[in-house]
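Work through the exercises below with the model open. Try each task before you read its solution.

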Amino acid sequence: MADNPTVYDIVVLGGGSGGYATALRATELGLSVALIEADKVGGTCLHYGCIPTKAFLHAAEIADAARESERFGVKASLEGIDIAGVHQYKDGVVGRLHKGLQGLVKAHGITYVEGYGRLVAPDTVEVDGQRYTGRHVVLATGSYARTLPGLDIGGRVMTSDGALTLDRVPGSVVVLGGGVIGSEFASVWRSFGAEVTIVEALPHLLPAEDEALSKAFERAVRKRGITFSVGVRFQGVTQDENGVHVTLEDGTTYDAEYLLVAVGRGPRTEGLGYEEQGVTMDRGFVLTDERLRTSVPNVYAVGDIVPGLQLAHRGFAQGIFVAEEIAGLNPAPIVESGIPRVTYSDPEVASVGLTEAKAKETYGADAVETLEYNLGGNGKSQILGTTGFVKLVRRKDGPVVGVHMIGARVGELIAEGQLVVNWEAYPEDVAALVHAHPTQNEALGEAFLALAGKPLHAHN
Ligand SMILES: Cc1cc2nc3c(=O)[nH]c(=O)nc-3n(C[C@H](O)[C@H](O)[C@H](O)COP(=O)(O)OP(=O)(O)OC[C@H]3O[C@@H](n4cnc5c(N)ncnc54)[C@H](O)[C@@H]3O)c2cc1C
């Protein structure tokens with residue numbers, strides 16, 4: 001087959017969050033783009049990650065609302081979970097977004113190439129024998145669900161990919177990994193009625209969060225009847241026709257119908273020609289500088305293959321950055337700690353900026369001040385029946401460097417936290433801004449008032 005004679009401004013390998021964001025922004029800036037995707041545009045986030053899991057979590061919330069309706073004086077009852085109906089709803093959401101995205105790609109005049117690509121020269125990707133050459137190449141091949149050595153996926157042992165297509169609600173599950181993905185699935189299954197056990201090797205669930213949030217999350221999870229083990233490593237699993245038998249290194253055993261392996265995601269870079277073309281890698285990840293340049297001139301990388309937070313909105317931001325960089329707009333580098341993080345379980349956990357521990361490590365223990373505002377004093381949270389708190393971390397006499405929250409729906413509140421942290425606002429500045437009453441957002445307003453030394457509805 002003849003080579004494609006066009007030389008594109010950018011050839012993007014991988015059409016997930018990072019890759020398609022690069023393509024959309026680049027074409028907005030008048031650059032020509034070939035976007036190569038082996039599966040479906042939208043990648044992990046749209047098809048196997050963010051969106052389907054959040055549809056599951058919304059269905060879970062409705063199940064809980066029905067189950068707990070009498071608390072609000074409403075007589076409803078939960079007859080059960082129609083898992084086929086849940087899948088239909090989830091697939092409908094994904095399908096509509098996929099269609100919308102395909103329309104955007106087309107409307108932007110992006111050359112969309114369906115197929116599996118390999119980097120065969122620093123400026124060229126080959127797909128099914130055809131070569132696509134660009135003045136710049138952006139690597140965006142994403143990630144896959146990892147497992148542990150000797151832990152084979154199959155049968156009753158699955159990753160998030162299998163969990164998203166499971167055609168029944170399990171009676172019982174062991175979730176290996178108490179990070180974001182494990183905690184979200186644990187939450188869904190518990191709401192759907194399953195017995196759930198989480199196994200986490202580190203000392204806390206959601207170990208990357210501020211310890212106050214991790215501990216509060218553990219209390220909330222326990223209250224929901226989810227059991228968990230922390231600080232002990234997984235040893236092995238056997239499975240038969242009835243279920244799985246999980247053993248930890250301290251000899252504890254758990255029996256369940258399924259084991260979900262949620263131990264993190266590895267970079268999808270093997271066999272793609274990156275190393276052969278001279279791209280510097282570290283344990284499969286593509287190393288870049290803060291301008292997302294790899295070690296090979298004109299080759300960039302974005303998204304989950306770049307070490308750091310594996311989040312879709314980081315991929316979007318990096319894609320936009322690289323497109324603008326290539327277009328010569330000299331964008332400001334992305335500050336990793338300014339990227340918001342949300343766990344969409346019940347309760348939700350949301351944070352941006354530095355944890356208390358990290359702030360103390362960075363600025364010194366005496367140079368950091370914290371404040372917790374309990375959602376008990378927040379009208380809307382009382383109406384919703386949720387507990388939790390907002391925790392602010394600031395430099396003494398300086399800006400807010402971290403916002404951390406736990407409680408129902410707090411994920412939606414992180415937008416304000418993110419503005420505050422990234423604009424390096426002082427509590428006094430934010431305290432002067434009026435928050436609508438009664439909203440949960442007001443809890444943030446109250447926290448800033450308290451940190452500015454003028455608490456309103458605060459009991460301590
Ligand atoms: C269960 C789950 C829940 C998640 N929830 C959230 C969430 O709520 N919020 C959030 O921000 N993030 C979430 N994430 C993470 C998010 O999905 C990723 O951070 C994001 O998808 C990374 O984008 P990416 O572009 O780097 O890679 P991907 O989205 O993985 O896209 C890479 C694309 O490249 C394609 N590709 C790979 N190799 C080739 C090749 N050789 N040729 C052609 N195409 C190729 C793949 O088919 C894929 O479509 C979740 C992930 C999972 C698994």
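**Exercise 1. Find which helix gives the largest share of the shell around the ligand, then describe that shell.**

Step 1. The largest share comes from α2, with four residues. Helices are DSSP runs of H or I with at least four residues, strands are runs of E with at least two, and both are numbered from the N terminus.

Step 2. Count the shell. The ligand is surrounded by 36 residues, and the closest are Gly14, Gly16, Gly43, Gly142 and Gly303.

Step 3. List the elements that give two or more residues: α1 (17–28), β2 (33–37), α2 (43–48), α3 and α8 (312–326).

Step 4. Sort by class. The shell has 13 nonpolar, 19 polar and four charged residues. Ala, Val, Leu, Ile, Met, Phe, Trp, Tyr, Cys and Pro count as nonpolar; Asp, Glu, Lys and Arg as charged; the others, Gly among them, as polar.

A note on the model: it is predicted, local features need pLDDT of at least 70, side-chain atom pairs count only at pLDDT 80 or more, and totals for chains, interfaces and linings use all residues. Residues are numbered from 1 along each chain as its sequence is written.

**Exercise 2. Describe how domain 1 meets domain 2.**

Step 1. Domain 1 covers 3–143 + 266–336, domain 2 covers 157–263 and domain 3 covers 347–451. These bounds come from an automatic or database domain assignment.

Step 2. Take the centres over C-alpha atoms: domain 1 and domain 2 are 28 Å apart.

Step 3. Count contacts (C-beta atoms, placed from the backbone, within 7 Å). In domain 1, 10 residues contact 12 residues of domain 2.

Step 4. Find the main contributor. Helix α3 (residues 50–67) gives seven residues, the largest share of the domain 1 side. By class, that side has eight nonpolar, one polar and one charged residues.

**Exercise 3. Is Leu292 buried or exposed?**

Step 1. Locate Leu292: the loop between β18 (285–286) and β19 (299–301).

Step 2. Apply the cut-offs: 20 or more other C-beta atoms within 10 Å is buried, 12 or fewer is exposed, in between is partly exposed, with C-beta atoms placed from the backbone. Leu292 is buried because 23 other C-beta atoms lie within 10 Å.

Step 3. Name its contacts. Not counting residues up to four places away in sequence, Leu292 touches Tyr300, Ala301, Val302, Val306, Gln318, Phe321 and Val322.

Terms used
Contact = placed C-beta atoms within 7 Å. Near = placed C-beta within 6 Å.
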